[in-house]
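Please keep the sequence and the model in view while reading.

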Amino acid sequence: MKTTIKHGPESCRSDPPTFTIETDEDYALALCRIKALSVQDGSSFRELMALKDAVRVWETDHPASLSPESVSAEPPSSS
């Protein structure tokens, strides 16, 4: 999964991150992270919104791909 973050000057806040989901595994990991992410501050909220946007784009571009029901809440094992 690609992540892009544009940092502003020290006195300014960074732009929200953007994620690009490239594989089914990235999609599963993004869904898992969304479920696990507890919005406690502005950074967490921005990450959550960026992940949800990336998942929406993936699901639009890959309608026959994984659905949330077929994705485990656990990240794929690294064997």
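Asp26 is buried, with a relative accessible area of 10%; buried means under 20% relative accessible area, exposed over 50%, and partly exposed in between, for a 1.4 Å probe and protein chains only. This residue belongs to helix 1. Leaving aside residues up to four places away in sequence, Asp26 touches Met1 and Ile21, where contact means heavy atoms within 4.5 Å.

The model discussed here is predicted: local features need pLDDT of at least 70, side-chain atom pairs count only at pLDDT 80 or more, and totals for chains, interfaces and linings use all residues. Residues are numbered from 1 along each chain as its sequence is written, and side-chain values use heavy atoms, with hydrogens and water left out.

The secondary structure comprises 2 helices and 2 strands, and from the N terminus on the order of elements is β-β-α-α. Helices (H or I, at least four residues) and strands (E, at least two) are DSSP runs, numbered from the N terminus. Of the 79 residues of the chain, 25% count as buried. Among contacts between residues at least 6 apart in sequence, 52% join residues at least 24 apart.

How do the two helices meet? Helix 1 (residues 24–36) packs against helix 2 (residues 42–61) at an angle of about 140°, and their axes are 10 Å apart. Axes here are lines fitted to C-alpha atoms, for helices over the stretch in contact, and angles run from 0 to 180 degrees between N-to-C directions. Helix 1 contributes Asp24, Tyr27, Ala30, Leu31, Arg33 and Ile34 to the contact, while helix 2 contributes Glu47, Leu48, Leu51, Lys52, Val55, Trp58 and Glu59. By class, these residues divide into 8 nonpolar, no polar and 5 charged; Ala, Val, Leu, Ile, Met, Phe, Trp, Tyr, Cys and Pro count as nonpolar, Asp, Glu, Lys and Arg as charged, and the others, Gly among them, as polar.

Rings of Phe, Tyr and Trp (its six-membered ring) pair if their centres lie within 6.5 Å, and planes under 30 degrees apart count as stacked, over 60 as edge-to-face and the rest as tilted. By this rule the count comes to 1 aromatic pair. Tyr27 and Trp58 form this stacked pair, with 6.1 Å centre to centre and 25° between the planes.

Ala28, located in helix 1, is buried, with a relative accessible area of 12%. Ala28 and Val55 are separated by 27 residues in sequence and by 9.4 Å in space, C-alpha to C-alpha. Asp15, by contrast, is partly exposed, with a relative accessible area of 40%, and sits in the loop between strand 1 and strand 2 (18–20). Asp15 and Arg46 are 31 residues apart in sequence and 9.1 Å apart in space, C-alpha to C-alpha.

Confidence remains to be considered. The mean pLDDT of the chain is 76, with 66% of its residues reaching 70 or more; pLDDT is the predictor's confidence in each residue, from 0 to 100. Among the elements, helix 1 has the highest mean pLDDT (91) and strand 1 (residues 2–4) the lowest (69). Over residues 69–73 the pLDDT is below 50, and this stretch has 7 contacts in the model beyond near neighbours in sequence.
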